[in-house]
Amino acid sequence: MEQQIATFNVKKGLAQMLKGGVIMDVVTADHAKIAEDAGAVAVMALERVPADIRADGGVARMSDPELIMKIMESVSIPVMAKCRIGHFVEAQILESLGVDYIDESEVLTPADEANHIFKHDFKVPFVCGCRNLGEALRRIGEGAAMIRTKGEAGTGDVVEAVRHARTVLGEIRKLQTLPEEELMAFSKEIGAPYELVKETRDLGRMPVVNFAAGGIATPADAALMMQLGVDGVFVGSGIFKSGDPAKRANAIVKATTHYNDPAILAEVSRNLGEPMVGRQISSIPDGDLIATRGW
Amino acid sequence: MEIGVLALQGDFIEHITILESLGVTARLVKLPRHLEGLNGLIIPGGESTTIGKLATAYHLMAPLREFGKTQAIWGTCAGAILLSKDAQRDQPLLELMDIRVERNAFGRQVASFETDLQAPFLKDGDERLYHAVFIRAPLIKSVNGGAETLLALPDGRIVAAQQGRLLATSFHPELTGDTRFHQYFLELAK
């Protein structure tokens, strides 16, 4: 009996296995071990966390394959890595390294201002960011097997993560109230493939897993996103830019599991040390915002 | 009949959805007190290290071992690893089944696959193949003591084992629309 690899089923299936979990940005193999020991379901291997990319400026690219391979060797959990929007050669390189997921990420400097990668062509699954349902379904149409709301990476300010999650989930709720004959006009309005709009309406959720990202810095932030209805969380700068990364990482893992239990959330939030120094999004000039990259 | 699904992390909702479609009451299990009165428990797919650490932190390991002595437990993928006596790596295990597993035995995600298996013990199993989804899947390297092989790939590698009312599958019946494996487990839980 034949074995079929790289089907959409196994691509989106891995994301299903990550649900209820925390995916952590790591920049060294030591960080990756700390994340795994704290209970991360996967790590995102990169050279600089978003807060540093934001501070350093310049062009942000795919990480050195040497770094990614060292991180892959150091942990047993899945390893993700980022390529630039539209940079399909960076994606080919990451696939050849054997990473478990590619994040076509707005956190890096976009390589193509018109087109995202055609992700169906790859064996490795992709996760992509979105700010609304139309953007999410366009990415799924290109082959993304997992979605994350963008938030605003590297800020430690959860307000954009909340905005994007509320937007996507609100649009799905609205979609479910529409009669069949209004679906085509709705698809046109949000710029999304009709078939995926219909599938989302029938399922009552997106056809792939949806995590939150961009600005989550505390256990309470993670639980907030889970209560809003996302399937799990990415934490970027929030862990390794804090005073006690191991403890904070573990607390965010526990908060993501017990997101509906305020007594446990209170317990895990105690004595975590300094959170990352945040940056209010309202203080950032529009031209420096990351979430507006991608279309 | 009420079946619990360990809901620390992973694809527990998928199991709940199938159980409810079969008319079974399903309950999320996150803390030891949630085990009370259950007829059986499913440990879902997910990351076995994460689930093991959370089960340890919330004092679930001993209650789960006790539960498994008398009641049915089924582990899918990560759940199968947790049920095993040996995962060839230092991580929390329930050690309820006499099986040795190898994590990520087929390789990384790009090697994840789907295939059809002959499973004659399932309802209509003689006529209808069972479609199995393997994601960064473990293999059952050996079955010992009271454990028996239930399913193997055509090359003989073991992907499902049973020991009394305990069941381990390295694939994910919760990711297919085929409910026959869940029905098989419900018979064990009766």
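Student: Buried means under 20% relative accessible area, exposed over 50% and partly exposed in between, with a 1.4 Å probe and protein chains only. Where does A:Glu180 fall, buried or partly exposed?

Tutor: A:Glu180 is partly exposed, at 41% relative accessibility. Before we go on, this is a predicted model, with pLDDT of at least 70 needed for local features and 80 or more for side-chain atom pairs, while totals for chains, interfaces and linings use all residues. Residues are numbered from 1 along each chain as its sequence is written, chains are lettered from A and ligands numbered from 1 in the order written, and side-chain values use heavy atoms, without hydrogens and water.

Student: OK. Which residue forms a salt bridge with A:Glu180, its closest N and O atoms 3.7 Å apart?

Tutor: That's A:Lys198. The term salt bridge is for a side-chain nitrogen of Lys or Arg within 4 Å of a carboxyl oxygen of Asp or Glu. A:Glu180 sits in the loop between α7 (159-177) and α8 of chain A, and A:Lys198 is 18 residues away in helix α9 of chain A.

Student: How do α8 and α9 of chain A pack, at what angle?

Tutor: Helix α8 (residues 183-190) and helix α9 (residues 194-203) of chain A pack at about 115 degrees, with their axes 9 Å apart. The axes are lines fitted to C-alpha atoms, for helices over the stretch in contact, and the angle between N-to-C directions can run from 0 to 180 degrees. The two are therefore roughly perpendicular. On that scale, under 35 degrees is roughly parallel, over 145 roughly antiparallel, 65 to 115 roughly perpendicular and the rest oblique.

Student: Which residues of α8(A) and α9(A) meet?

Tutor: A:Leu183, A:Met184, A:Phe186, A:Ser187 and A:Ile190 from α8(A) meet A:Tyr194, A:Val197, A:Lys198 and A:Arg201 from α9(A). That's six nonpolar, one polar and two charged residues. Contact here means heavy atoms within 4.5 Å. For the classes, Ala, Val, Leu, Ile, Met, Phe, Trp, Tyr, Cys and Pro are nonpolar, Asp, Glu, Lys and Arg are charged, and the others, Gly among them, are polar.

Student: What about α6(A) with α9(A), at what angle do they pack?

Tutor: Helix α6 (residues 133-142) of chain A and α9(A) pack at about 115 degrees, with 10 Å between the axes. A:Leu133, A:Leu137, A:Ile140 and A:Gly141 in α6(A) meet A:Leu196, A:Val197 and A:Thr200 in α9(A). Sorted by class, that contact has five nonpolar, two polar and no charged residues.

Student: Back to charges. How many salt bridges does the structure hold over all chains?

Tutor: It holds 34. One of them is A:Glu106 with A:Arg148, at 2.9 Å between the closest N and O atoms. A:Glu106 is in the loop between β5 (101-105) and β6 (126-130) and A:Arg148 in strand β7 (residues 146-149) of chain A, so the pair ties together parts 42 residues apart in sequence. A:Glu106 is buried at 2%, and A:Arg148 is buried at 2% as well. A:Lys82 and A:Asp103 join A:Glu106 and A:Arg148 in a network of salt bridges.

Student: New topic: A:His164, buried or exposed?

Tutor: A:His164 is buried, at 4% relative accessibility. This histidine is in helix α7 of chain A. Beyond neighbours within four places in sequence, A:His164 contacts A:Cys130, A:Arg131, A:Thr149, A:Lys150, A:Gly151 and A:Ala291.

Student: Last one, chain B. How many of the ten residues of helix α2 are buried?

Tutor: Seven of the ten residues of α2 (residues 48-57) of chain B are buried, so the helix is largely enclosed by the rest of the structure. Its buried residues pack against α12 (245-257) of chain A, along with β1 (2-6), α3 (61-70) and α4 (78-83) of chain B. Just after α2(B), B:His59 has a positive phi of about 55 degrees.

Definitions and conventions. Helices (H or I, at least four residues) and strands (E, at least two) are DSSP runs, numbered from the N terminus.
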